[in-house]
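Thanks for coming. I have one structure to go through today, and I will keep it short.

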Amino acid sequence: MDRCRWHRHVRGNGDVVVADDGHVRTGTQSEFPQDPDDADRGSVIDGEDGRGARIELEECRACSVASSTQSRPPAFDLHSVRDLPPVDVIAAYPGSDGSLMDAAVAAGARGVVVQALGAGNASPEMTATVARLVDRGIPVLVCTRAFSGPVIPLYTAGGGADLERSGAVFGSDLSPWQARLLLSVAITSKPEDPGTVVRQWLRQATPAGG
């Protein structure tokens with residue numbers, strides 16, 4: 001790692017993660033090899049997703065770089081904002097009933113991020129709570145508790161399809177903690193419709209063809 005960190009392809013690319021001296025990933029997401037052989041070969045684990053440079057290493061030497069040409073979405077203007085509104089992250093789990101979401105809102109949360117199961121699933125009871133909160137004007141953003149991957153409205157019985165019908169916004173591949181900040185800023189930018197702000201930002205953040 002010490003020999004890698006100052007390589008000209010690594011410098012200036014933000015946070016860097018090295019797995020088994022075989023893979024460097026820069027940007028906002030950290031990627032680790034799923035197969036030990038991948039780390040030994042120094043291969044890039046995932047396909048191009050536009051979220052930062054990928055650097056392959058071979059015996060701690062940078063041998064290739066594929067930097068994203070995607071520009072970042074426009075920054076939010078927060079110069080006049082003193083405090084961001086509170087947004088809480090609530091985990092979904094088998095048997096979750098939504099009471100923690102109600103408690104968060106009662107304590108002052110202006111929005112909620114659901115840390116969902118798998119591709120974006122919860123329980124029927126939690127989905128009913130989401131619908132009730134959205135009707136009250138409390139925005140709900142859905143992300144996955146999984147290490148990586150996007151959320152997709154696939155299943156019923158409290159799954160992602162029901163969450164989407166309840167008015168929740170799906171947070172693509174953002175982590176719950178990234179989504180929390182995005183939703184808080186969106187509430188500040190357009191309190192009457194923060195969901196639209198989130199959707200627009202996510203569309204801009206998605207690379208062409210992604």
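This is a predicted model: local features need pLDDT of at least 70, side-chain atom pairs count only at pLDDT 80 or more; totals for chains, interfaces and linings use all residues.

Residues are numbered from 1 along each chain as its sequence is written, and side-chain values use heavy atoms, with hydrogens and water left out.

First, the chain. There are six helices and eight strands; helices (H or I, at least four residues) and strands (E, at least two) are DSSP runs, numbered from the N terminus. Their order from the N terminus is β-β-α-β-β-β-α-β-α-β-α-β-α-α. Of the 210 residues, 42% are buried, that is, under 20% relative accessible area, with exposed over 50% and partly exposed in between, using a 1.4 Å probe and protein chains only. Among contacts (heavy atoms within 4.5 Å) with a separation of 6 or more, 63% join residues 24 or more positions apart.

Now helix α5, residues 176–189. What span should its 14 residues have? The expected value is 1.5 Å times one less than the number of residues, so 20 Å, and the end C-alpha atoms are 20 Å apart, which agrees. Its buried residues are P176, A179, L182, L183, S184, V185, A186 and I187. Their cover includes the strands β5 (87–91), β6 (111–116) and β7 (140–144), and helix α6 (194–205).

Take V185 from that helix. Its relative accessibility is 9%, so V185 counts as buried. Beyond its neighbours within four places in sequence, V185 is in contact with F76, L78 and L84. V185 and P85 are 100 residues apart in sequence, yet their C-alpha atoms are 7.8 Å apart.

A cavity here is a set of points on a 1 Å grid over the protein atoms alone where a 1.4 Å probe fits but cannot get out, and lining residues have an atom within 4 Å of a point. Volume is the space filled by probe spheres set on the points, which are joined across faces, edges and corners. How many cavities of 30 Å³ or more are there? The count is one. The largest cavity holds about 50 Å³. Its lining is I90, A91, Y93, S96, D97, G98, S99, L100, M101 and M126. Helix α2 (99–106) gives the most, with three residues.

Note on methods. On a 1 Å grid over the protein atoms alone, a cavity is a set of points where a 1.4 Å probe fits but cannot get out, and a pocket is an open set with protein on both sides within 12 Å along at least five of seven lines; lining residues have an atom within 4 Å of a point.
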